[in-house]
Amino acid sequence: MTNQNKQGFIDALVGLQWGDEGKGKNIDELLLSGDYSGVARFQGGANAGHTLKFGDIEFIGHIVPSGCLHENIELYIGNGVVVDVVSLVKEIKQLKDIGFDVIPRLYISNRAKLVSYLHPFLDQAEEYYRSRDGEKIGTTARGIGPAYSDSRARRGLLVGDVLLSDFEEKEKNLSELHMNFLEMYKKEYGFEISIEKINEAKILWNKALKELREMQICDLSYLINKRLSEGKNILAEGAQGVMLDIDFGDYPNVTSSNTMPSNLCLGLGISHRFIRDIYGVIKAYTTKVGGGDFPARIKEENIEQLFQKAGNEFGATTGRPRMCGWLDLFALDYAIKLSGTNKIFINKADICPTDKIKVVTGYKCGEKILEEFPFRLSTVTSVVTEDLSGWGNANYSVSEKNSVSKELSDYLNYIKNKLKDNVDIVSVGTGPDRKHSFNWDK
Ligand code: IMP
């Protein structure tokens, strides 16, 4: 939408839990309003997994922004993103095969970080190293940590570099360093990766780079600012979730970027003055993949499995089963405060495979109920919970507020009343399809 004689705005949509909240569906819902002309990724990389579904079409994206199934929406990959070019090319092809040619509307920042073909191997090597002490993070093995490490060490490759004459030399130097690291992991710690695998990855990467050179690599900060000055509105799409933020999550069991909406200014190159609403996304329960503590985890294995099965809680990127927990309001208050969320989406509200449910309302360290969210979750010894009634599968595909079962209705009111900050529940999801949701607070 264009506002005549008016500057545009940026809204952000971020996950408020440990990722996998189903953000792709909510991006889709917001785009249907017609308010936005573009969707921008500002952090993370192909570690994300967004499942988009409408009618017969299903697309799982990792790096292409979620607006890809909307013909007139521009897609932006910001400087804060680590770009896995092999995934990018693969997704562009998959989209083309289902009738969406995104190339003409995809813009990539020349300052975005390039994930090299050796980064995923370094990711694996680092995980192997950590696993010796049982401290695995359980990364997605997409090379995210090593790519951000190279960026911060000021030796990484930028997407714009692929168009410069010294790219080959820069790439050779960096790869040499990476190979030395891999050699060290082999010699000192016994982590081995075959040269065939490395060569295979290199061929695929170089092939993908050729295609990248044909894409619209640009000064994205300039372009987005231009769009805003034309009165166009942009939706910034967070990947992962606030609880995986590198500074405010449970370090080191976090991803390597800041997942907060405050990072969208730095990850896109725009001023905070343009930010309007912050949409936070949660599921009606909680999930987590990877290492580290998870205080809200459901203790009874059979009940956890019921949630896993009913919610299809298996990673879109790695296929790993996700741990399932009760809705964690203590973590949610923390995430809402830090992110400045003023509107929330509640997804998978149809999923409730038990008669009774619990909600986590506090964390304890010994007998002490914590006031502040702990910087290390390993210090939490137990949680405070409240019991509520479940609703079985009575709400699948419900698309009107009036048709919601009493138990779910009570649950939504309970959440709203318990949250410390005043947020609107804008929409509640009851299934994977576009049609499966209803408005709550309006
Ligand atoms: P990395 O981002 O691949 O380095 O993984 C670091 C941690 O973040 C691991 O625990 C991953 O499981 C988790 N993680 C990364 N991306 C996602 C996501 O999109 N959803 C859920 N967890 C994620």
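Within the predicted model, Asp 11 stands opposite Leu 235 of strand S10. The model is predicted, so that local features need pLDDT of at least 70 and side-chain atom pairs count only at pLDDT 80 or more, while totals for chains, interfaces and linings use all residues. Residues are numbered from 1 along each chain as its sequence is written, and side-chain values use heavy atoms, with hydrogens and water left out.

Strands (E, at least two residues) are DSSP runs numbered from the N terminus, and two of them pair if DSSP finds at least two bridges between them.

| Pair | Bridges | Partners |
|---|---|---|
| S1 and S11 (residues 275-283) | five | Leu 13 and Tyr 279 |
| S2 (residues 38-41) and S5 | four | Arg 41 and Ile 77 |
| S5 and S7 (residues 106-109) | three | Ile 77 and Ile 108 |

In a regular strand the side chains alternate between the two faces of the sheet. From S1, Ile 10, Ala 12 and Val 14 point one way, and Asp 11, Leu 13 and Gly 15 the other way.

Ile 77 is the bridge partner of Arg 41, and Ile 77 in turn has Ile 108 of S7 as a bridge partner.

Notes:
Buried means under 20% relative accessible area, exposed over 50%, partly exposed in between (1.4 Å probe, protein chains only).
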